[in-house]
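Visitor: Could you take me through this structure, giving the general idea of each feature and then the case at hand?

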Amino acid sequence: MTKDRRNRAWYGKLDKDGFIHRSWMKNQGFPDHAFDGRPIIGICNTWSELTPCNSGLRDLAEGVKRGVWEAGGFPVEFPVMSLGETQMKPTAMLFRNLLAMDVEESIRAYGIDGVVLLGGCDKTTPGQLMGAASVDLPAIVVSSGPMLNGKWQGKDIGSGTDVWKFSEAVRAGEMTLQDFMAAESGMSRSKGVCMTMGTASTMASLVEAMGMSLPTNAALPAVDARRMALAHLTGKRIVEMVEEELKPSDILTRDAFINAIMANAAVGGSTNAVVHLLALAGRVGVELTLDDFNLGSDIPLLVNCMPSGKYLMEDFCYAGGMPVVLRQLAETGHLRPNTTVLGGDIRAYTDGAECFNGDVIKSFADPVKPAAGLRVLRGNLAPNGAIVKPSAATDHLLEHEGEAYVFDTIEDMKANIDRDDLPVTKDSILVLKGVGPKGYPGMPEVGNMPIPRKLVRDGVRDMIRISDGRMSGTAFGTVILHVSPESQAGGPLGLVQTGDRIRVSASAGSLDLLVAEEELQARRRAWLPEPPHYTRGYAKLYVDSVLQAEQGADLDFLVGKDTRPVTRESH
Ligand code: FES
Ligand code: MG
């Protein structure tokens, strides 16, 4: 029995408060010895039938419980808000910070000593990590794991990535609506997250690279029995982490974030990782800036998965998964020493890592693409930055000057993009305003707006698109995202007019609006923000306090952490 363990302030008391805390828990049939001072492990579960990607987490929670009991701990599962990326309007991202608040306050208010975070779908992983980091109790991640490869008409099809392709094919008249509908069932064949290298698998890969999960967590398919075993092992390990007092702040150092940036480049990870890593760094108090993402720009693309490559997560798993990527980063001097949930160095994750398919996981000597990391762009159109993902872009468009065609709102874009008389060519630059954190609100994944139908019919499949929004991690194209400040916050993006010339240079890291300063000043004087969409509730709180993309779009009052014990009792 450990006297100073956190849970003793709940379950170790011999007064009326201790009676209350224990007695009500005992209504679930827990015996006396569950309260004898052993580590109490919270299992923070984002399971929900409205988050299909996380629908396997109930099973995994049982696996975690086996491991916790085996190691002499006492597991208690609790639900938190679940964010179903494909189901929530206006965007799950509006609620990432709300989930983080839910996680943080649940961990702090209850008498637990450590926590296992069960998440998977895009916003659930960062939301849970942000919340846990702000309390800083020992914490470890078990991810949902990817769905099995999509299969349709004898071919592999990838979550998201092939939806965008099929949808363009329908618009181009190359695919029937019947086939389009039939492909739905083939795309999502099992529990789990998107099996492309979308945001969910990106975040799981970066969690592994940062050492916040056990090795192999990222790629094991959701329904692979080995994921259940990994959950069991994670339950055992969190009990030891509590004994060792190994906390997120010991693991989430600046070096961990740099390792994540390198890994994101090597796996061809989602642009969404940028806002999530920046927000998480803000919680733990690590200095991380948008420009740090340029550190990964020379890293080649090793993982040949959609949307940047051709395979899927199941293939990545069978080829060896993240340990092989981390081994290559280590061997080329790109993996910084850093503590993991195992207590040792991240290099231990590469022990015995072997690549079983050199076409799925390529090498530094023969990569899918050289220099694949994200590029940060700046200029008078994005004074505080914007990003582009070269691995998913068309090379020649990364150096381009063209005429802007502006959509003032998402409704404007949807109503007009397919007009036959839309005055655009393949060299035009589509600009979408009002889709930033404050504008939409919630910074949705609409930055990869569709190619105008008249151009799709001519075979155009990519053109430059610029916005203050994000795009799905499964999406592709020469899409410039996260322009900051956003238009609704008075950023210069709000001043762009159709016909303006814009110059993009990924190699120079620049994004310029070629309009004279006096003209921009005049436009600024005439500019008015859109009226707010929300005037009450969480969404109002969000709009009033959300930070811009380069600060991770966290709420300003949530930055940092509070690790003080809660001393006041409920009765
Ligand atoms: Fe949930 Fe892709 S939509 S992981
Ligand atoms: Mg997404």
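Predicted model: local features only at pLDDT ≥ 70, side-chain atom pairs only at ≥ 80, totals over all residues.

Visitor: Into which domains is the chain divided?

Guide: The division gives domain 1 (38–149 + 189–350), domain 2 (151–187) and domain 3 (375–533).

Visitor: How should I read the largest nonpolar core, and which of its residues touch the most other members?

Guide: In soluble globular proteins, nonpolar side chains tend to be buried together. Here the largest nonpolar core holds 172 residues, of which Val 116, Ala 266, Val 325 and Ile 480 touch the most other members. Helix 11 (residues 254–267) supplies the largest share of this core, 10 residues, and because domain 1 and domain 3 both give residues to the core, it lies between them. Leaving aside residues up to four places away in sequence, Ala 266 touches Ile 299, Leu 301, Leu 302, Val 303, Val 325 and Leu 329.

Visitor: Why does Ile 466 count as buried?

Guide: A residue is buried if 20 or more other C-beta atoms lie within 10 Å of its own; Ile 466 has 30 C-beta neighbours inside 10 Å, and therefore counts as buried. Ile 466 sits in strand 11 (residues 464–467) and, residues up to four places away in sequence not counted, touches Ile 429, Val 431, Ile 480 and Val 483.

Conventions: Residues numbered from 1 in each chain as written. Chains lettered and ligands numbered in written order. Helix = DSSP H or I, 4+ residues; strand = E, 2+ residues; numbered from the N terminus. Buried ≥ 20, exposed ≤ 12 C-beta atoms within 10 Å, placed from the backbone. Contact = placed C-beta atoms within 7 Å. Core = buried A, V, L, I, M, F, W, Y, C linked by C-beta atoms within 7 Å. Domains from an automatic or database assignment.
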